[in-house]
Structure formats: structure tokens, C-alpha cells
Amino acid sequence: MAGRDDERAVVRVLVDAHGETYAHEAGITLRNTPQPLYRLLVLAHLLSARIKGSVAVATARALHEAGLRDPRRMADAAWQERVDALGRGGYRRYDERTATQLAEEARLLLDRWGGDLRRLRAEADGDVRELRRLLQEFPGVGPAGADIFLREVQAVWPEAAPQVDAKALRGARRLGLPQDPDRLLGLAGRTQPAVLSSALVRAALDKDVVEDTLRRADSG
């Protein structure tokens, strides 16, 4: 896609067809309040493993349905309760280790930030690099998990925006789009950066998304 109009068409089709954020897919109504932010942290943790995104999303829903929706409940739950919830979501390959990490993660959040990720945000004081570093202090949340969290949370933490990370840029490359975040954001117009980034990540992970998007853009 050589022309800017063609690129804009690809972005429009991509966002319209595949622009759902992972938080929304997991049933998280993202707000700057403790519970949805914590659920997003858990989702980012799950998504960062080498497992299908659909399984991670289903597992985040299963944890919520099991009542493990805030750090206190997660920390207080029996290890087997966490393992069982992970299994119901299909997260069986990593269930035992992740069950332990989720408890450790919740306890750290409770002990250091009173169970409220807004306090972690305040500690970072608007520095996105510091936000990324602090997020990686949680067990099981490495660079990939931190990127996922920041990619989604930019919808409610403006200092994290615009966040178009390496995985999103990989999706742009597969679609023949520019590799420059500013150019991508320009092509997306008023689309929220979190929505654009999620759509690009889906293209990076699923060739069917790429093929569907290019076919629709060409036929339009």
C-alpha cells in the first residue's frame, strides 16, 4: 500500500473490524479505579505468557467469575482455588506457577501500594519508563507484560499515551503500514491509541486478521 489514502483505508478497516481492546474482550470496563486496574494487571500477566490471547482472555474472565477480582481476594484464596480457576479458563500449561505468581503479585500490590495501582502511578510521577520499571517488579510481569498493561491503560492514564509498542509495529509491518508511531496515529485520526495498538497487535499475532483487513481494504 504505497499511497497515504490506501494506508488510511487499511487502518480504518483494521480498527473497524479488529479494534477491540483486550480489556474490553475480557469484560473489563476500564476506569481509573482500583478493581479494573487490578484486573488489567492480571490480564497483562496472563497475556504475556506464550499462550493464545483468547485463552488468556478466557482465563481472566474465569478468575473474575471465581471471585478473584481484587488483590485481597486473590491473595487470600487457596492455591488450589487459583489453579482451578486458571484451568477453567484453559490456562493449564502454566497454571501451577501462575497460581503462585498471582498470589505473590497481589501481596506485593497490597503491601507496597495498598492494593491500589493508582499509588504505583503516583510513585512514577508521570515518567513512563518508571511506570514500566515498577510494573516489572510484579512476579510474572516482565517487559512484555508491562508493555501490554501500558498499551491498554493509556486509555485512562494519559501520560502513558501514545503507546505503540514493538508488537504493534510488527502488525503494522505485516499490513504494509509505516513503522513510525506518529504516522500511524496520524492515519488513525481520532481513533484512541489503545484501540489502534490493540488492532495492530491482533494483526501481528494472526495472519487471518492481516488477510481479512487487506482484502476488505482492497475491495472498498
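**Salt bridges, helices and core**

Mentor: The count of salt bridges comes to 15, a salt bridge being a side-chain nitrogen of Lys or Arg within 4 Å of a carboxyl oxygen of Asp or Glu. This is a predicted model, in which local features need pLDDT of at least 70 and side-chain atom pairs count only at pLDDT 80 or more, while totals for chains, interfaces and linings use all residues. Residues are numbered from 1 along each chain as its sequence is written, and side-chain values use heavy atoms, with hydrogens and water left out.

Trainee: Which residue forms a salt bridge with arginine 202?

Mentor: In general, side chains of opposite charge can pair when their charged atoms come close. Here the partner of arginine 202 is glutamate 25, with the closest N and O atoms 2.8 Å apart. The pair links distant parts of the chain, 177 residues apart: arginine 202 lies in helix α13 and glutamate 25 in helix α2. Helices are DSSP runs (H or I, at least four residues), numbered from the N terminus.

Trainee: Is arginine 202 buried or exposed?

Mentor: Buried means under 20% relative accessible area, exposed over 50%, and partly exposed in between (1.4 Å probe, protein chains only). Arginine 202 counts as buried because its relative accessibility is 15%, whereas glutamate 25, at 23%, is partly exposed.

Trainee: What joins arginine 112 to glutamate 137?

Mentor: Their side chains meet in a salt bridge (2.3 Å, N to O). Arginine 112 is in helix α7 (residues 95-113) and glutamate 137 in the loop between α9 and α10, 25 residues apart.

Trainee: Which residues does histidine 18 touch?

Mentor: Contact means heavy atoms within 4.5 Å. Not counting residues up to four places away in sequence, histidine 18 touches Ala199, Arg202, Val209, Asp212 and Thr213. A polar contact is a pair of N or O atoms within 3.5 Å; within protein, one must be able to donate a hydrogen and the other to accept it, and residues adjacent in sequence count only if both atoms are side-chain atoms. Such a contact, of 2.9 Å, joins the side chains of histidine 18 and aspartate 212. Histidine 18 belongs to helix α1 (residues 4-18) and is buried, with a relative accessible area of 18%.

Trainee: Which residues of helix α11 are buried?

Mentor: An α-helix has 3.6 residues a turn, so residues three or four places apart point the same way. In α11 (residues 166-174), the buried residues are Ala168, Leu169, Gly171 and Ala172. They cover an arc of only 155 degrees, taken from the directions from the helix axis to the C-beta atoms, which puts them on the same side of α11. On the other side, Ala166 and Arg173 are exposed. The buried residues of α11 pack against α12 (181-188) and α13 (193-205).

Trainee: How many residues does the largest nonpolar core have?

Mentor: A nonpolar core is a set of buried Ala, Val, Leu, Ile, Met, Phe, Trp, Tyr and Cys residues joined through side-chain atoms within 4.5 Å. The largest one has 75 residues, and those with the most contacts inside it include Leu43, Leu117 and Phe149. Its largest share, nine residues, comes from helix α3 (residues 34-47).

Methods: Helices (H or I, at least four residues) and strands (E, at least two) are DSSP runs, numbered from the N terminus.
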